[in-house]
Amino acid sequence: MFTFFFSFSTLGPYLFSFIILLLFFEQLSYLIKKRHLPGPALVLPFLGNAISLVRDPTNFWDHQSSLSSSLGFSANYIIGRFILFIRDSELSQLIFANVKPDAFMLVGHPFGKKLFGDHNLIYMFGQDHKNLRRRIAPNFTPRALSTYSDLQQIIILDHLKKWDKMANLNPNNPISLRFLARDLNLETSQTVIVGPYLSCEARERFNSDYNLFNVGLMKLPVDLPGFAFRNARLAVDRLAHTLAGCANQSKTRMRNSEEPICLVDFWMQETVKEISAAKEAGEPTPSHTSDEEIGGYLFDFLFAAQDASTSSLLWAVTLLDSHPEVLSKVREEVLSIWSPESDSLVTADQIREMKYTHTVAREVIRYRPPATLVPHIAVTDFPLTESYTIPKGTIVFPSVYESSFQGFSEAERFDPDRFSEERQEDQVFKRNFLAFGAGAHQCVGQRYALNYLVLFMALFSTLFDFKRFKTDGCDDIVYNPTICPKDGCTIFLWRRCTHFPKLSME
């Protein structure tokens with residue numbers, strides 16, 4: 001019999017050498033992938049530059065952009081992953097155009113698949129993805145959009161009345177719109193997407209879980225009990241489960257041939273027909289029609305509608321305040337088409353008539369695109385340029401924000417007229433206008449998003465006078481997780497007219 005005794009003193013040198021060897025190979029792997037690209041020469045073991053990214057994402061990405069000025073792209077390292085930041089819009093187009101099994105996979109977040117779950121539209125590609133987008137198409141017909149705009153403006157008006165009361169209670173104190181706009185958008189997106197299928201109690205739980213999700217998006221991806229990322233992942237599971245229940249209820253209503261009253265109804269109206277036809281033909285249930293799958297897709301819609309809209313509303317108020325001539329033209333146009341004293345909803349035809357307000361909405365989104373970066377993962381080595389091939393496994397960040405300031409005339413200037421029928425810069429520089437993405441995964445709800453922003457600006461600007469509470473750096477960009485003004489858009493608010501439209505959900 002042999003007895004082996006190991007002490008730390010005997011193992012220590014071997015363990016130390018092993019760790020040093022691991023660190024050496026980690027640095028070597030990073031340098032091989034980086035090659036001649038601008039980026040940090042050495043990176044912190046395992047974490048890389050994750051701490052600086054989480055602590056101050058604005059400065060992190062600004063610095064990454066400055067590094068990219070010569071080649072149009074630059075390298076870095078985060079949580080054991082090599083990353084590539086794409087500044088040049090033509091190179092970004094290459095990434096968007098090659099989302100398919102043998103090139104790139106859209107992930108939406110560096111660790112998104114673990115966070116969002118499997119049933120999510122952004123992780124699909126190929127024919128499977130095309131089939132699902134075909135099923136989604138009925139959600140954004142003119143008839144559906146008209147239904148949504150009715151719901152949206154009733155909720156907007158209800159929240160504007162609350163903001164008015166807050167302003168009147170403390171007329172000398174400014175109010176921050178960030179959380180007010182977030183609450184408005186959460187109610188709007190919930191109501192538009194799943195309508196009556198969320199009870200008041202379910203909405204409270206939903207709001208709490210969605211807040212956990214938002215917090216976890218901006219934290220280190222530590223999937224252990226007590227950490228924000230774990231709380232966010234579990235919250236997404238609960239949110240998707242709740243939305244799956246809404247899909248099930250909607251299927252029941254649509255089988256009874258009732259009228260659609262929200263997005264999931266328009267979707268399920270066609271889905272139940274498809275399921276029924278397959279059953280009668282003795283065929284398997286069509287893919288992407290289970291409650292659980294649809295719950296995941298609905299969460300994707302909610303995420304896109306909620307946070308992006310909050311960002312756009314805050315920047316719209318910020319930019320209208322700093323450009324009074326634009327605000328004046330918006331008010332003039334809206335009041336020539338619709339009056340607050342009419343006690344009537346703005347119709348779909350009237351929204352289409354607000355052509356100048358539409359140009360303002362598009363310029364807000366160009367000037368301050370809500371989702372500034374759209375992460376992808378390289379599923380194979382990809383030749384980005386003649387001199388550089390993206391290594392398989394790289395997380396690639398095409399910058400929508402940087403593209404928005406390329407090509408356009410006087411791109412640093414806020415100028416809604418660039419989208420007028422005379423100039424049509426959205427067409428001339430279409431390849432640079434990437435706020436809604438490009439290629440197979442281009443945003444299916446962009447008309448929905450634009451209509452909502454137009455409605456909000458029309459109602460807010462005609463019902464209120466407002467003035468920013470200016471502080472140093474108040475307009476600086478912060479990530480929450482979409483971009484917002486640093487001060488949360490803090491304003492003084494006064495009612496312009498004595499009459500608020502008397503509308504309700506009844």
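Q: Which residues make the nonpolar surface patch?
A: L15, F18, I19, I20, L22 and L23 make that patch, about 530 Å² in area. Nonpolar side chains (Val, Leu, Ile, Met, Phe, Trp, Tyr) are joined within 5 Å, like charges within 9 Å. Areas are Shrake-Rupley with a 1.4 Å probe, and for residues only the protein chains shown count as cover.

Q: What should I know about the model and the numbering?
A: This is a predicted model: local features need pLDDT of at least 70, side-chain atom pairs count only at pLDDT 80 or more, and totals for chains, interfaces and linings use all residues. Residues are numbered from 1 along each chain as its sequence is written, and side-chain values use heavy atoms, with hydrogens and water left out.

Q: Where is L22 found?
A: In helix 1, residues 8–34. Helices (H or I, at least four residues) and strands (E, at least two) are DSSP runs, numbered from the N terminus. L22 is partly exposed, at 48% relative accessible area; buried means under 20%, exposed over 50%, partly exposed in between (1.4 Å probe, protein chains only).

Q: And V400, buried or exposed?
A: V400 is buried, with a relative accessible area of 1%. V400 is found in helix 16 (400–403). Leaving out residues up to four places away in sequence, V400 touches F96, P369, A371, T372, V374, L434 and A435, where contact means heavy atoms within 4.5 Å.

Q: Switching to sheets: what's the strand order in the five-stranded one?
A: The order is 1-2-8-5-3, an open sheet with mixed pairing. Strands pair if DSSP finds at least two bridges between them. Strand 1 (73–78) and strand 3 (104–106) are the edges, each pairing on one side only.

Q: How are strand 5 and strand 8 joined?
A: By two bridges, with strand 5 (376–378) and strand 8 (395–398) running antiparallel. H376 has V396 as its bridge partner in strand 8.

Q: Which strands does helix 4 lie across?
A: Helix 4 (89–97) lies across strands 1, 2, 3, 5 and 8, at about 125 degrees to strand 8. Axes are lines fitted to C-alpha atoms, for helices over the stretch in contact, and angles run from 0 to 180 degrees between N-to-C directions.

Q: What about the three-stranded sheet, what's its order?
A: That open sheet goes 4-12-9, with antiparallel pairing. Helix 18 (446–463) lies across strand 9 and strand 12, at about 95 degrees to strand 9.

Note on methods:
Patches are made of residues with over 30% relative accessible area and no salt bridge: like charges are joined within 9 Å, nonpolar side chains (Val, Leu, Ile, Met, Phe, Trp, Tyr) within 5 Å. A salt bridge is a side-chain nitrogen of Lys or Arg within 4 Å of a carboxyl oxygen of Asp or Glu.
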